[in-house]
Structure formats: C-alpha cells, structure tokens
Amino acid sequence: MAQRCWRWWHWSAWPRTRQPPAGSTLSSRQQFSTQEQTTQICVVGSGPAGFYTAQHLLKHHTRARVDIYEKQFVPFGLVRFGVAPDHPEVKSYGAEDNQALEIPGEELPGVFSARDFVGWYNGLPEKRELMPDLSCDTVVILGQGNVALDVARILLTPPEHLEKTDITEASLGVLRQSQVKTVWIVGRRGPLQVAFTIKELREMIQLPGTRPILDPADFLGLQDRIKEVPRPRKRLTELLLRTATEKPGVEEAAHQALASRAWGLRFFRSPQQVLPSPDGRRAAGIRLAITRLEGVGEAARAVPTGDMEDLPCGLVLSSVGYKSRPIDPSVPFDPKLGVIPNMEGRVVDVPGLYCSGWVKRGPTGVITTTMTDSFLTSQTLLQDLEAGLLPSGPRPGYSAIKALLSSRGVRPISFSDWEKLDAEEMSRGQGAGKPREKLLDPQEILRLLGR
C-alpha cells in the first residue's frame, strides 16, 4: 500500500467551533502577531483532536504555520469512519485500537470488535474486506454503551431506511441479505450502570419492525433507588423501567406483534468464553458468568455468583472499550492506561511535544469534551512558547518532511487532492440520492489522483 500524508487544512472543512472555556489563561487578545519569526507546528492525526488543536493555534498565533499529517488516504478520522450513517449529526470518537476480551475463543471467526464492524460499514479502507457473516439468527454485542447501540441499530434497521445515508454500498448489500433476527446487548452490571444515553435508547425502542426484550426482574426495587441519582441518569432509567414493566398501549402492542426482529438487554452477565461450533471453525455462542453488584451507583462492581449461562449466537461483537497505541519508542506511553503520560498536554520528559484527545486523557467524552481538551492543549503550547520554554531558532517545517518523503519515494496526498476525492465521492452518491459514496479501494484512489 502506498504511503501517504497530507498537509494544511481548509477552514471551511470543519464544523463551527467555540471560544476557549471561560477562565482560560490565554485570552483572544493575547496573540503572537508581534513575533517576527514564524513558528512551525506539526499536528499528527487529522481527527477531531488534531483539527481543533490546529484551529486554536492558528486563531491565537497569527504567525504560526501548522501542518497536519494523516496516515489514511483521507482526513477527519472517526468523524468520517466512526459516525453511524443514520446519525450524520452525531460524531463518535475513538482511539486506534480496541480493548481485547482476553477470553478463550476470542480468535474464532465470527468474533469482531465493534470498532472494526463500524469501520466496515463506514468505509474504512483497511476494514473493507471484513465481510461479517450475517446468515445467523442471533448476534451478541458485549458492552452497553452508545457504540453497542449504534451497531445493534444498524444490524436491525430495515435496509431501505439506510439507502439514502453515506453507508457504503458494499456494506448495504450485506445488510440486505442479513438473516439476523435477534440482537442481545450484554453488560456486566445493571440498569443503573449502562453507558448509553437516552437518545440512543429511545431510538432503539422506536426502531421500525423491532420489539425490545427486557426482564422485569432486573428492575426490582429500582424505582426507589433512582430518586437521588442525577437527572440524566434518572430519566434514562425511568425509560428503561417503563419499557420493561409497563404494558404497552394498543398501538404499541400492535406494532410489537408485527415485529419480525427483536433486541434485548442482558444485565449482570460477564463473558467467559466464546463457544465454538461443533467443527471448531467459528463462533456458535458465548458463555457468560452471572454476576451481582457490590457497592452502589456507578461505582458498583460486578462480582461472579458462580453460576453460568450459555447464549447461542452466530456473531459476537465486542464493544468493551477503546485504547490508543504507542506511536514510536521515543514517545512515552502508558500501556495500562493507554495514554501518553502528560501534564496538561505536555508530554512528560519530552520538551516541545504535546498530546491531545484520547491519547491524552483516555477513551472518554464526546465532541465538546474533545474540543475543550484540544483548546487546552493548544493554550499550554502557546503559554510555553510565550515563556520561552520551547527551542528557539528557525525550523525547516514541511520542507524537511517533503525532502525526507521524496528520498523514500513517498508521494503525499495533499488537501487539494482530498478535495478532488471529496468531489468524486459526492458525485457518485448524487446518482443514488446519497450524500456520498465513499471510496474504499486504495488503488482506485491513487488512480483517480493520477498516481
């Protein structure tokens, strides 16, 4: 596969952004316009954290030159590859790897990470050949966060409802042939500890052609315990309670009676083993340890009771968390936490190197969290620059990188190249009434650019 990178960014190519948080130490008037020397800044990664950091640097340092480098053929990271196609207004963020289950059978065919599955239907080139087998009746998703509900919703949504989204045509073809009738979403703890939000839950409850399966026994005594919890958690749990325990109205009962597909939440279950098919060639189920909670609220821990349960399925999707990868031996990395050790974005013991996003703080938060975090890293860098803590003197910037790439025979993809690809994708999508048809084949991408 050809190596590539791209530099510069287009102001209009990113959603509108906000001012830094109130109380920040660098005001909009404290800019560096009086400096005679251009400051060369390199940002590695063109996802949300990279773009927001670059935007803040350019806004507050008028003589800064920021180059953004990206390993993929196209920019925007998980804004492009991590967004559910039926949720174009919702941005999902992540890191470059997923948490392993670390249980026997995890390596069997038919076991995927939710991250890889999302990359497949969102057109991540390296996942285009994932080809999950959806000829089975039942899918188990391990984890009860928003990504788990996104995946369940895509699996159960009538394909015709996805035809006008930017889901890839190849993925849509597989979903049209799907035989999946039931999706179980499994969590180690209980209803009070789920990580998804009320919007995603409501969409699942209202999903056409499906019905929810919730065990009322999982909700015994919950009504009294939710009185003191924060309002968002209370509203979410109340919706779960109503769905599990209240008899549906006439219209809803008729809807559920006609439903050909179902989804359910299984609480107090911890994965122990992926069970193989009789010939040992693929996943055929999952063994779950039944748990109980020690402690209260979101801090409660799941501990095994000693009982087990086997749940038959033909596909297992793991959605138990994301983690970052180390990028180079010269950059410190904490493999346990999956972060670069840092102080307010300053990489420990490496002057001049900063980090932002999940590699800075771990896999938590949404777009506003990432934006604020990126602005804070930028502020830290600018404060260090103003205080004279960074190396002084001229730096070659991109010209040195360009020479290095040339010496290695690498032809980088520029932002103007991306704009050509962007126009091609939108043109292909227009004929089908879609926002775009994503380009998947690296060789086709290079041909379109005359490489």
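Helix axes here are lines fitted to C-alpha atoms over the stretch in contact, and the angles between them run from 0 to 180 degrees between N-to-C directions. On that basis, helix H6 (residues 198-205) and helix H8 (residues 231-245) pack at an angle of about 20°, with their axes 9 Å apart. The model is predicted. Its protein chain holds 14 helices and 15 strands, and buried residues make up 50% of its 451 residues. Among contacts in the protein chain with a separation of 6 or more, 73% are between residues 24 or more positions apart.

**Packing of H6 and H8**

- Two packed helices are described by the angle between their axes and by the distance between those axes.
- Angles under 35 degrees count as roughly parallel, and H6 and H8 are therefore roughly parallel to each other.
- H6 passes H8 in a left-handed crossing.
- On the H6 side, the contact is made by Ile198, Leu201, Arg202 and Ile205, and on the H8 side by Arg235, Leu236, Leu239, Leu240 and Thr243.
- The residues of this contact between H6 and H8 comprise six nonpolar, one polar and two charged.

**Packing of H1 and H11**

- The axes of helix H1 (residues 48-60) and helix H11 come within 8 Å and cross at roughly 45°.
- Helices H1 and H11 are therefore oblique to each other, and their crossing is right-handed.
- H1 contributes Pro48, Ala49, Tyr52, Thr53, Gln55, His56, Leu57 and His60 to the contact.
- H11 contributes Ile367, Thr370, Met371, Ser374, Phe375, Ser378, Gln379, Leu381 and Leu382.
- By class, the contact of H1 with H11 has nine nonpolar, eight polar and no charged residues.

**Thr370 in H11**

- Thr370 lies in helix H11, which spans residues 367-386, and is among the H11 residues that make the contact with H1.
- The relative accessible area of Thr370 is 3%, so this residue is buried, the cut-off being under 20%.
- The side chains of Thr370 and Arg361 are joined by a polar contact of 3.2 Å.

**Thr210 in S7**

- Thr210 is placed in strand S7 (residues 210-213).
- Thr210 counts as buried because its relative accessibility is 0%.
- A polar atom of the Thr210 side chain lies 2.9 Å from the backbone oxygen of Leu207.
- Apart from neighbours within four places in sequence, Thr210 is in contact with Leu156, Met204, His255, Ala259, Arg261 and Trp263.
- One of these partners, Met204, belongs to the residue range 198-205 of helix H6.

- Most residues other than glycine have a negative phi.
- Phe268, which is not a glycine, has a positive phi of about 55°.
- Phe268 is found in the loop between strand S8 (261-266) and strand S9 (269-276).
- With a relative accessibility of 17%, Phe268 counts as buried.
- Asp349 is a residue other than glycine with a positive phi, near 65°.
- Asp349 is placed in the loop between strand S15 (346-347) and helix H10 (358-361).
- Asp349 counts as exposed because its relative accessibility is 73%, the cut-off for exposed being over 50%.

Methods:
Residues are numbered from 1 along each chain as its sequence is written. This is a predicted model: local features need pLDDT of at least 70, side-chain atom pairs count only at pLDDT 80 or more; totals for chains, interfaces and linings use all residues. Side-chain values use heavy atoms; hydrogens and water are left out. Helices (H or I, at least four residues) and strands (E, at least two) are DSSP runs, numbered from the N terminus. Buried means under 20% relative accessible area, exposed over 50%, partly exposed in between (1.4 Å probe, protein chains only). A polar contact is a pair of N or O atoms within 3.5 Å; within protein, one must be able to donate a hydrogen and the other to accept it, and residues adjacent in sequence count only if both atoms are side-chain atoms. Angles under 35 degrees count as roughly parallel, over 145 as roughly antiparallel, 65 to 115 as roughly perpendicular and the rest as oblique. A crossing is left-handed if the near helix is turned anticlockwise from the far one by less than a right angle, and right-handed if clockwise. Contact means heavy atoms within 4.5 Å. Ala, Val, Leu, Ile, Met, Phe, Trp, Tyr, Cys and Pro count as nonpolar, Asp, Glu, Lys and Arg as charged, and the others, Gly among them, as polar.
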